[in-house]
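Student: Hey, I'd like to go through a structure with you before I set anything up. Could you show it to me first?

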Amino acid sequence: MTRPGPRIPPLTLSDAEREVLEGWVRRRSTAQALALRSRIVLECAQGHAILEVARRLGVAADTVRTWRRRFLAHRLEGLADEPRPGAPRKISDADVERVIVTTLEKAPPNATHWSTRSLAAALGMSQTTVSRIWRAFGLQPHRSQTFKLSTDPFFIDKVRDVVGLYLDPPERALVLAVDEKSQIQALDRSQPVLPMMPGVPERRSHDYVRAGTTTLFAALDTATGKVIGSLHRRHRAIEFRKFLVKLDAQVPADLDVHLILDNYATHKTPAVRKWLAAHPRFHLHFTPTSSSWLNLVERWFAELTAKKLRRGVHRSVQALERDIRMWIADWNDNPRPFVWTKTADEILDKVATYCRRISDSGH
């Protein structure tokens, strides 16, 4: 015959306690640990056994016993974490508030932004204290980002048009993101490049010799990632028309061609319009002004710059153009499309948020 275990005292809740516990469970901002403890107490208050509560909530039985016992002893206050051992806190809430308010709302008299040392000196704190508070609240005054909002009166329509081509391209048609990368410089370093060694990065002289420039016209197939490129020494409507002729020759004749372009003047000259009128399968879609980020070929230009141009050494324009052609050919051997994921509504909502931030900034 087994001996019965000790009888645990019943757990009952007042209406006020139940309301507080249910609020902690529902509220999004509640810490997950506190929400779990609240669920344990609420389940126990319904008369469920400890093992049943543990099974229903997916926790250990000892966890249920601990918080049931803590609640019976200290009620709601017992669900909070006990003080941890260690040195007492030295930074008061008022000190934290002073650091945050000064960082966000004031500027130093002799600089555009605070450093940890300048703010510490101004507030009479240690540099370490300021640094810890900045890290805790994600404040980084030394960092700055740029932005520019388009003032195009047809911004919304153009965003929906271009994003629609990315997310739902038309049937029996090719969508090409087109742009020009102009003034690509052939640069030769004034001294030999020192190769990378263990513990030492590659070293190049800061000065260089210019050997000339070229312009790359590129069309990125948004579906496959393949690129049609054409190099010209000048950047005019004549060269752009030649590039259109090249696209017409390389795209199968039974497909329509949708070109995503920016608002550069060479794309809209009478000669270009006349050519487009004679080739009705070409359809132009213009991005809003100051919105080059909407053109996927810009992402491909970033790859070209990072992997070939920025650290390249070319003693002539011919050598530069040869390397660009080889890089395009290598890319097309294993093309990688850039997948657009944002919908037009998501983009417009983000722009609206920026507009509200600007209007509320007080500047």
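**Salt bridges and other details**

Tutor: Let's start with R315, which counts as exposed because its relative accessibility is 67%. Keep in mind that this is a predicted model.

Student: OK, which side chain does R315 meet in a salt bridge?

Tutor: D188 is the partner, with an N to O distance of 3.7 Å. D188 sits in strand 1 (residues 173-189), whereas R315 is in the loop between helix 11 (297-309) and helix 12 (317-333), so the two are distant parts of the chain, 127 residues apart.

Student: And is D188 buried or exposed?

Tutor: D188 counts as buried, because its relative accessibility is 18% and the cut-off for buried is under 20%.

Student: How many salt bridges turn up in the whole structure?

Tutor: A search finds 17. One of them joins E17 and R75, whose closest N and O atoms are 2.8 Å apart.

Student: How accessible are E17 and R75?

Tutor: E17 has 12% relative accessibility and counts as buried, while R75 is partly exposed at 28%.

Student: What does D345 pair with?

Tutor: D345 forms a salt bridge with R160, and the closest N and O atoms are 3.0 Å apart. D345 lies in helix 13 and R160 in helix 8 (residues 155-167), so this pair ties together parts that are 185 residues apart in sequence. D345 is partly exposed, with a relative accessible area of 43%, and R160 is partly exposed too, at 42%.

Student: Which residues are linked in a network of salt bridges?

Tutor: E43, E52, R55 and R56 are linked that way.

Student: Switching topic: at what angle do helix 3 and helix 4 pack?

Tutor: Helix 3 (residues 50-57) and helix 4 (residues 61-74) pack at about 115 degrees, and their axes are 8 Å apart. They therefore count as roughly perpendicular to each other. The crossing of helix 3 past helix 4 is right-handed.

Student: Now backbone angles. Which residues other than glycine have a positive phi?

Tutor: Among them are R172, with a phi of about 50 degrees, and Q183, with a phi near 55 degrees. For context, most residues other than glycine have a negative phi.

Student: Where do R172 and Q183 lie?

Tutor: R172 is in the loop between helix 8 and strand 1, and Q183 is within strand 1. R172 counts as exposed at 54% relative accessibility, and Q183 counts as exposed at 56%.

Student: Last one: what separates the C-alpha atoms of H206 and T63?

Tutor: Those C-alpha atoms are separated by 64 Å, and the two residues are 143 residues apart along the chain. H206 lies in the loop between strand 1 and strand 2 (208-221), and H206 counts as exposed, with 73% relative accessibility.

Definitions and conventions: Residues numbered from 1 in each chain as written. Predicted model: local features only at pLDDT ≥ 70, side-chain atom pairs only at ≥ 80, totals over all residues. Heavy atoms only, no water. Axes fitted to C-alpha atoms, helices over the stretch in contact; angles between N-to-C directions. Helix = DSSP H or I, 4+ residues; strand = E, 2+ residues; numbered from the N terminus. Parallel < 35°, antiparallel > 145°, perpendicular 65-115°, else oblique. Left-handed = near helix turned anticlockwise from the far one by under 90°. Salt bridge = Lys/Arg side-chain N within 4 Å of Asp/Glu carboxyl O. Buried < 20%, exposed > 50% of the residue type's maximum accessible area, 1.4 Å probe, protein only.
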